[in-house]
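Below are a few numbered points to read alongside the coordinates, beginning with a charged side chain and ending with a pocket.

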Amino acid sequence: MKRLRFLFCCCIAAITLVGCSDINCPLTNGVYAKWSFYKADKPLQLSDTLDIYLKVNGRDTLLANRLFNISSIDLPMSYYNSSDTLTLEIKTASHHTYKDMIIVKKENVPHFNSPECGTWVEHYVSDIQLTHNNLDSISVLNRKVDNNEVENFRIYFK
């Protein structure tokens, strides 16, 4: 009986050790670019309402609706397009609307970690173009957009 109990414990230990894995998969396979808002080199908390659109197949698709009191946002990037066109629409309390367009040119690189984790697409930003209605400039802090949740872009408002 002691021998059977010992054999049972050894089997459980072996199954537990074999079943454990040191692969550290991300919680999601989504890749988001982190955009922060600034004005004159100081972080800015938007007090106006912000809507963000992404142009998909020639049409504007709403990504974020009526954002208020935010200082940054995480936005997805397209998997296969070589550029993304974002439109930022700011509505002020005095009923003025400001629209700016941001074009992010990028290279898409499929990333494979392991069969357990699956695949995702990482992006390498090559260029950014923008209109200057309400935006002054954009600085690129991290050209590699992956799932590491680091600040990628700073949008500077006028």
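1. Let's start with D60, which has a relative accessibility of 45% and therefore counts as partly exposed. Please keep in mind throughout that the model is predicted. The partner of D60 is K55, and their salt bridge has its closest N and O atoms 3.3 Å apart. K55 is partly exposed as well, its relative accessible area being 34%.

2. Next, have a look at the network. Salt bridges with shared partners join D51, E89, K91 and K99. Within this group, the side chains of E89 and K91 meet at 3.3 Å, N to O. K91 also forms a salt bridge with D51, here at 3.4 Å from N to O. Because K91 belongs to strand β6 and D51 to strand β3, this second pair ties together parts that lie 40 residues apart in sequence.

3. How are the members of these two pairs placed, buried or exposed or in between? D51 is buried, at 4% relative accessibility. E89 is buried too, with a value of 8%. K91, at 35%, counts as partly exposed. For the overall tally, the model has nine salt bridges.

4. Now to the nonpolar side. The largest nonpolar core holds 29 residues, and W35, F37, I102 and I155 have the most contacts inside it. The elements giving two or more residues to this core are β1 (32-39), β3 (49-56), β5 (72-76), β6 (83-91), β7 (97-114), β8 (118-130), β9 (135-140) and β11 (151-157). As background, nonpolar side chains in soluble globular proteins tend to be buried together.

5. Leaving aside residues up to four places away in sequence, W35 touches S71, S72, I73, L75, L86, I102, V104, I138, F153 and I155. Two of these, I102 and I155, are also listed with W35 among the core residues with the most contacts.

6. Finally, what lines the second largest pocket? The lining is made up of K39, L44, Q45, L46, S47, D48, I90, T92, Y98, N134, F157 and K158. By type, these residues divide into five nonpolar, four polar and three charged. The space in this pocket comes to about 180 Å³.

Definitions and conventions. Residues are numbered from 1 along each chain as its sequence is written. This is a predicted model: local features need pLDDT of at least 70, side-chain atom pairs count only at pLDDT 80 or more; totals for chains, interfaces and linings use all residues. Side-chain values use heavy atoms; hydrogens and water are left out. A nonpolar core is a set of buried Ala, Val, Leu, Ile, Met, Phe, Trp, Tyr and Cys residues joined through side-chain atoms within 4.5 Å. Buried means under 20% relative accessible area, exposed over 50%, partly exposed in between (1.4 Å probe, protein chains only). Helices (H or I, at least four residues) and strands (E, at least two) are DSSP runs, numbered from the N terminus. Contact means heavy atoms within 4.5 Å. On a 1 Å grid over the protein atoms alone, a cavity is a set of points where a 1.4 Å probe fits but cannot get out, and a pocket is an open set with protein on both sides within 12 Å along at least five of seven lines; lining residues have an atom within 4 Å of a point. Grid points are joined across faces, edges and corners, and a volume is the space filled by probe spheres set on the points. Ala, Val, Leu, Ile, Met, Phe, Trp, Tyr, Cys and Pro count as nonpolar, Asp, Glu, Lys and Arg as charged, and the others, Gly among them, as polar. A salt bridge is a side-chain nitrogen of Lys or Arg within 4 Å of a carboxyl oxygen of Asp or Glu.
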